[in-house]
Amino acid sequence: MKDLYEKLANDYDEFGPIDQYLGDEQTFFKNLFAENKVKDVLDCACGTGQHILMLSRLGYHLSGSDYSESMLEAARKNLTARNLTFPLYQCDFRYLERVFDRQFDAVICLTNSLPHLHKDEDLITALKSMRNRLKDNGLLVLTSGTTHYTLTLPSIEVVVNRPDFSRIFVKKHSKKYQTINIVDLFHTDQRNDSHQYQIVYRILLDEDYRKLLSLSGFSEIRIFGDYQMNPYNRESRRLIVVARK
Ligand SMILES: C[S@@+](CC[C@H](N)C(=O)[O-])C[C@H]1O[C@@H](n2cnc3c(N)ncnc32)[C@H](O)[C@@H]1O
């Protein structure tokens, strides 16, 4: 499998400061994990480590993994810069048992990570692998920015627009897949380079998650449309899935 983030990892955090992943999202996890007595969490698509950082501030015991060595390298730098160390491993989330022999109270796979897999067979393999890394009654949390509503938005989205840097998404989709072309433009005396990346996501909406999670053995599947835990609907800006082993 190709590492789509090999180069993007260097600049991934230009989305915004990773310390700012607080507020609504942090409160959502704080409440959900408190209700379910979660202490021990695996982030199996940890990227540059922002959710590990966010959850570390709530005192959880954390482990991380990601397919991309470059994203893990960025995560290690981010955590070290904040005097934090957590175990981080290179691992395809279809095969978590190859790296982790223990089980967790919660497994998280956030921000459109699962939809990098395109086939039902691979998605079910990944969800079963995540389920196997959960203790009895453990929780899986998946988040996505792709919703019925976001699929109706214009195809060009200016995601970051700062004096020093701009990030633009150029999107197109068919019934099953969404292609996001990312255009990064630096415009300072130090950096005036530009880069383009392409990511193709499988479009997974509420009914797809319900079906795939049931086939993978999960129960109590809940789908929210925001971090206040309002139910998902066709106007939702987010799709947040919580399911129980
Ligand atoms: C859009 S980024 C999200 C990263 C992070 N979770 C966040 O919230 O910013 C998607 C991440 O999923 C990882 N990824 C994609 N396919 C994977 C796989 N099969 N196994 C593990 N990680 C994978 C990528 O390397 C990348 O770090």
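Is Asn 137 buried or exposed? I looked this up and found that Asn 137 counts as exposed, at 51% relative accessibility, where exposed means over 50% relative accessible area, buried under 20% and partly exposed in between, with a 1.4 Å probe and protein chains only.

Before going on, I noted that this is a predicted model, in which local features need pLDDT of at least 70 and side-chain atom pairs count only at pLDDT 80 or more, while totals for chains, interfaces and linings use all residues. Residues are numbered from 1 along each chain as its sequence is written, and side-chain values use heavy atoms, with hydrogens and water left out.

Asn 137 lies in strand β5; helices (H or I, at least four residues) and strands (E, at least two) are DSSP runs, numbered from the N terminus.

I then traced an open sheet of four strands, ordered β6-β7-β8-β9 with antiparallel pairing, where two strands pair if DSSP finds at least two bridges between them. Why does one side of β6 and of β9 lack a neighbour in the sheet? β6 (156-161) and β9 (194-202) stand at the edges and have a single partner strand each, so one side of each is left without a neighbour there. Between β6 and β7 (residues 165-173), which run antiparallel, I noted five bridges, and Val 160 stands opposite Arg 167 in β7.

Elsewhere I found strand β1 (residues 40-43) joined to β2 by four bridges, the two running parallel, with His 61 in β2 as the bridge partner of Asp 40. Five of the six residues of β2 (residues 61-66) are buried, so this strand is largely enclosed by the rest of the structure.

I checked helix lengths against the expected span, which is 1.5 Å times one less than the number of residues. Helix α3 (residues 69-80) has 12 residues that should span 16 Å, and its end C-alpha atoms are 16 Å apart, which agrees. Its buried residues include Ser 70, Met 71 and Leu 72, and what covers the buried residues of α3 includes α2 (50-56), β2 and β3 (88-90).

Helix α4 (residues 120-132) has 13 residues and reaches 18 Å from its first C-alpha to its last, close to the 18 Å expected. Among its buried residues are Asp 122, Leu 123 and Ile 124, and the buried residues of α4 pack against β4 (104-109), β5 (134-144), β9 and α5 (206-215).

**Charged side chains**

I took a salt bridge to be a side-chain nitrogen of Lys or Arg within 4 Å of a carboxyl oxygen of Asp or Glu, and by this rule the count comes to 17. One of them joins Asp 19 to Arg 57, with the closest N and O atoms 3.0 Å apart. Asp 19 lies in the segment before α1 and Arg 57 in the loop between α2 and β2, so the pair ties together parts that are 38 residues apart in sequence. Asp 19 is partly exposed, with a relative accessible area of 27%, and Arg 57 is partly exposed at 43%.

Within α3, I found Glu 73 and Arg 76 meeting in a salt bridge (3.5 Å, N to O); they lie three residues apart, about one turn of the helix. Another salt bridge is formed by Arg 191 and Asp 193 (2.8 Å, N to O), and salt bridges that share partners join Asp 11, Arg 191 and Asp 193 into one network.

Last, I looked up Glu 25, which has its place in helix α1 (residues 24-35). Which side chain of opposite charge is nearest to Glu 25? It is Arg 238, 6.1 Å away, and Glu 25 is buried yet has no salt bridge; for charge, Lys and Arg count as positive and Asp and Glu as negative, while His and the chain ends are not counted. Leaving aside neighbours within four places in sequence, Glu 25 is in contact (heavy atoms within 4.5 Å) with His 51, Met 54, Leu 110 and Tyr 227.
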